[in-house]
Every structure is written in structure tokens, then in C-alpha cells.
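I opened this model to look up a few loop residues and their surroundings. My notes follow in the order I took them.

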Amino acid sequence: QLAASGDSAQIAASGDYAKLAASGKDSVIASSAYNAIAKGAAGTWISLAEFINSDYKCVGFATGCIGQDGLLPDVFYRAQGGKLVQA
């Protein structure tokens, strides 16, 4: 589990089932971890790898900005179907 609270924080993780959170404004979260989830404050960019199943075949990344396209602050998201969906 990783968390950051300063403005413009940048977080990255690659371990399975990573759980990331950023509370500072203008933060960036990126994870290539299998089954990662992330949440952030408004303005936080999140990019999470998406996998087909547990054979670790990555099929792409889901990326979005909290506060845009229905993404809510302080709600955990995961990658599914090329989009960030509530975990």
C-alpha cells in the first residue's frame, strides 16, 4: 500500500494488488500491478494496467483524471474494459 499527501505527488507501484492513494492536489498515480486499485483528490491523474486474468497478460492501461468523466474524489478505482471503474 502506498499513500502520498503533498501537492503534485507522484506515485508508482508494480507489485500485485497494489493499493494507492494520493490526497494532494495535482497528483499523479501510475501502476503496472496486477489488480491494482487507486484513489485520489480532485485533479489527480490515475493510470492503471489492465490484465485479462491471473496469467499476467497486460491488455493496456485505463487512465483518467479525478473530477472529470464522472470520476469521484476519494473513491477507489480499478482498470476494466479500458476504463477506470469503481473498485
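I began with Asp 69. At 80% relative accessibility, I log Asp 69 as exposed (exposed is over 50% relative accessible area, buried under 20%, partly exposed in between, with a 1.4 Å probe and protein chains only). I found Asp 69 in the loop between β7 (58–65) and β8 (77–80). Its phi is near 50°, a positive value in a residue other than glycine.

Before going on, I noted the ground rules. This is a predicted model, where local features need pLDDT of at least 70 and side-chain atom pairs count only at pLDDT 80 or more, while totals for chains, interfaces and linings use all residues. Residues are numbered from 1 along each chain as its sequence is written, and side-chain values use heavy atoms, with hydrogens and water left out.

**Entry: the chain overall.** I counted 0 helices and 9 strands. Both are DSSP runs numbered from the N terminus: helices are H or I with at least four residues, strands are E with at least two. Along the sequence I read β-β-β-β-β-β-β-β-β. Of the 87 residues, 39% are buried. The accessible surface comes to about 4,800 Å², with 48% of it on carbon and sulfur atoms (Shrake-Rupley method, 1.4 Å probe). I also checked contacts, meaning heavy atoms within 4.5 Å. Among those with a separation of 6 or more, 18% join residues 24 or more positions apart.

**Entry: the loop between β3 and β4.** I looked here next. Asp 26 sits between β3 (19–22) and β4 (28–31). Asp 26 has a positive phi of about 60° and is not a glycine. Ser 27 is in the loop between β3 and β4. Is Ser 27 buried or exposed? Ser 27 counts as buried because its relative accessible area is 1%. A polar atom of the Ser 27 side chain lies 2.8 Å from the backbone oxygen of Gly 24.

**Entry: Thr 44.** I placed Thr 44 in the loop between β5 (37–40) and β6 (45–51). Its relative accessibility is 0%, so I log Thr 44 as buried. Which residues does Thr 44 touch, not counting those up to four places away in sequence? I listed Ala 22, Gly 24, Ser 27, Val 28, Ile 29, Gly 64, Cys 65 and Ile 66. Ile 66 is 22 residues from Thr 44 along the chain, yet their C-alpha atoms are separated by 5.3 Å. The Thr 44 side chain also reaches the backbone oxygen of Ala 41, at 2.9 Å.

Notes
A polar contact is a pair of N or O atoms within 3.5 Å; within protein, one must be able to donate a hydrogen and the other to accept it, and residues adjacent in sequence count only if both atoms are side-chain atoms.
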